[in-house]
Protein chains: 2
Amino acid sequence: MSDNRTPVVILVRPQMGENIGAAARAMLNFGLTEMRLVEPRDGWPNPKAVAMASGAAGKVLDHAKVYPTLASAMEGIEYAFATTARGRELSKPVFTPQTAMDKARALDGRCALIFGPERAGLENDDVARANAIVTVPVNPDFPSLNLAQAVLLMGYEWGRDTLPPEPAPHVRKAAAELLADRVEIEKLGDHYEEKLKESGFFFPETKAESMRLNLRNMWSRLTLTQGDVRILHGVLRQLTRR
Amino acid sequence: MSDNRTPVVILVRPQMGENIGAAARAMLNFGLTEMRLVEPRDGWPNPKAVAMASGAAGKVLDHAKVYPTLASAMEGIEYAFATTARGRELSKPVFTPQTAMDKARALDGRCALIFGPERAGLENDDVARANAIVTVPVNPDFPSLNLAQAVLLMGYEWGRDTLPPEPAPHVRKAAAELLADRVEIEKLGDHYEEKLKESGFFFPETKAESMRLNLRNMWSRLTLTQGDVRILHGVLRQLTRR
């Protein structure tokens, strides 16, 4: 089949068009683009789905294919995960979203993520057609994920390893963001110690030594950048200007 | 400081009541229960929020506290994550949701997850008050997470480790070694800003805003203990004494 191993999302008997649209958006957030629909309740295309998924997510809907049965919707799928709110007595492996997507990435072919209707979820008959079950670990006292949220979390787990994390702003480091070296920290300590001494900070004499030590300790423990050191010198100079 | 390390969710200037309600639901799905609101646009309580978060999630709203500023909403918070759609040029560490929640689990105190208004997200001034940034790795061509989805993903990462985290080596810390909370950091920033303003530090006027922001960023990025904060107040008082 396709070299493309990006999971296919199969919505089984989805009810509200809005939820189909929201699922399309959630998919695209994490780069999932192929949606298949099994017996959507209100037919297809569905204007409410389109209204919910405007722009780029609309294309996910445009390309969605409709199938009469879950079995037929499995074309080209090597491995299928049925998402259910809780494990079932079906002697199938049960994965978390994370372990499921780890498995998906290790497949040669494509996998499908199967989601049931909003109210009732997948029937046992549907689950029977899947290789494994995926269950999101939720608060047992409030396990109310909606369809788009379930899709979102699966997409997130798929994208977590495939989408590069946003390049951190501190990767591109200006001089100001480089960590100060120990000499610069030492000089900063000297500068403060000198000015504080002039201002009578180290008083009474019996405590002076430990006060000095506390200050030195603080400067060397903080993770100061070169920019921070510059700021702290500037602060001191300004405060002690005549 | 509470023993409870479950993250606090802070919504800054949220607009639609429905979204506040949906965020409460998303929180509770993963066992997050403490919501704080900064200047909710339509006041508080908000009937639309309540309508969206019925049942158990309604209790999250019942207990939500409202604050006039982000700074004041930081009470009792040791470490704050600002969620933003993309990294900013603010030389703060940038985490994925996963690494952020790993860090949250390793803290002694509580952390906050800060979310901005629906349309515009957090302002630089808000981000400056956080220790770090969290960015969800999304499809760069379709990065349209809504508020409740962003909350959901952070909650998911918090809840994902259903196993109790490795117990942190328990050291009884002297007060001086406890990390300062965000309110203490905020007051330190205020104190310096005030005295530096008096001394003419923020000059020229065109650069004043970015100088202020740099300072705020520095204070919130440094891992200051309560002892450090005391020292830094003392230093300033001494230097500005007549």
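What covers the buried residues of α8(B)? Here are some notes to read beside the model.

1. First, the ground rules. This is a predicted model, where local features need pLDDT of at least 70, side-chain atom pairs count only at pLDDT 80 or more, and totals for chains, interfaces and linings use all residues. Residues are numbered from 1 along each chain as its sequence is written, chains are lettered from A and ligands numbered from 1 in the order in which they are written, and side-chain values use heavy atoms, with hydrogens and water left out.

2. Now back to the opening question. The cover over the buried residues of α8(B) includes α10 (226-239) of chain A, along with α4 (70-73), β4 (77-83), α9 (205-221) and α10 (226-240) of chain B. Among the residues being covered are B:Arg182, B:Val183, B:Ile185, B:Glu186 and B:Leu188. Buried means under 20% relative accessible area, exposed over 50%, and partly exposed in between (1.4 Å probe, protein chains only). The helix and strand labels are DSSP runs (H or I, at least four residues, for helices; E, at least two, for strands), numbered from the N terminus.

3. B:Asp181 caps the N-terminal end, with a side-chain oxygen 2.9 Å from the backbone nitrogen of B:Val183. Just after the helix, B:Gly200 takes a positive phi of about 80°.

4. Next, charged pairs. Side chains of opposite charge can pair when their charged atoms come close. A salt bridge here is a side-chain nitrogen of Lys or Arg within 4 Å of a carboxyl oxygen of Asp or Glu, and the whole structure has 25 of them over all chains. One of these joins A:Asp190 and A:Arg216, whose closest N and O atoms are 2.7 Å apart. A:Asp190 sits in helix α8 of chain A and A:Arg216 in helix α9 of chain A, so the pair ties together parts that are 26 residues apart in sequence. A:Asp190 is partly exposed at 36% relative accessible area, and A:Arg216 is partly exposed at 23%.

5. B:Arg129 is in the loop between α6 (124-127) and β7 (132-134), while B:Glu186 is in helix α8, 57 residues apart. Both residues are buried.

6. Finally, where the chains meet. Counting contact as heavy atoms within 4.5 Å, 61 residues of chain B touch 58 residues of chain A. The buried area (accessible area, 1.4 Å probe, that two parts lose on being put together, summed over both) is about 4700 Å², with carbon and sulfur atoms giving 67%.

7. How many salt bridges are there between chain B and chain A? The count is one: A:Asp228 pairs with B:Arg221, with the closest N and O atoms 3.0 Å apart. On the side of chain B that touches chain A, α10(B) gives the most, with nine residues.

Key. A polar contact is a pair of N or O atoms within 3.5 Å; within protein, one must be able to donate a hydrogen and the other to accept it, and residues adjacent in sequence count only if both atoms are side-chain atoms.
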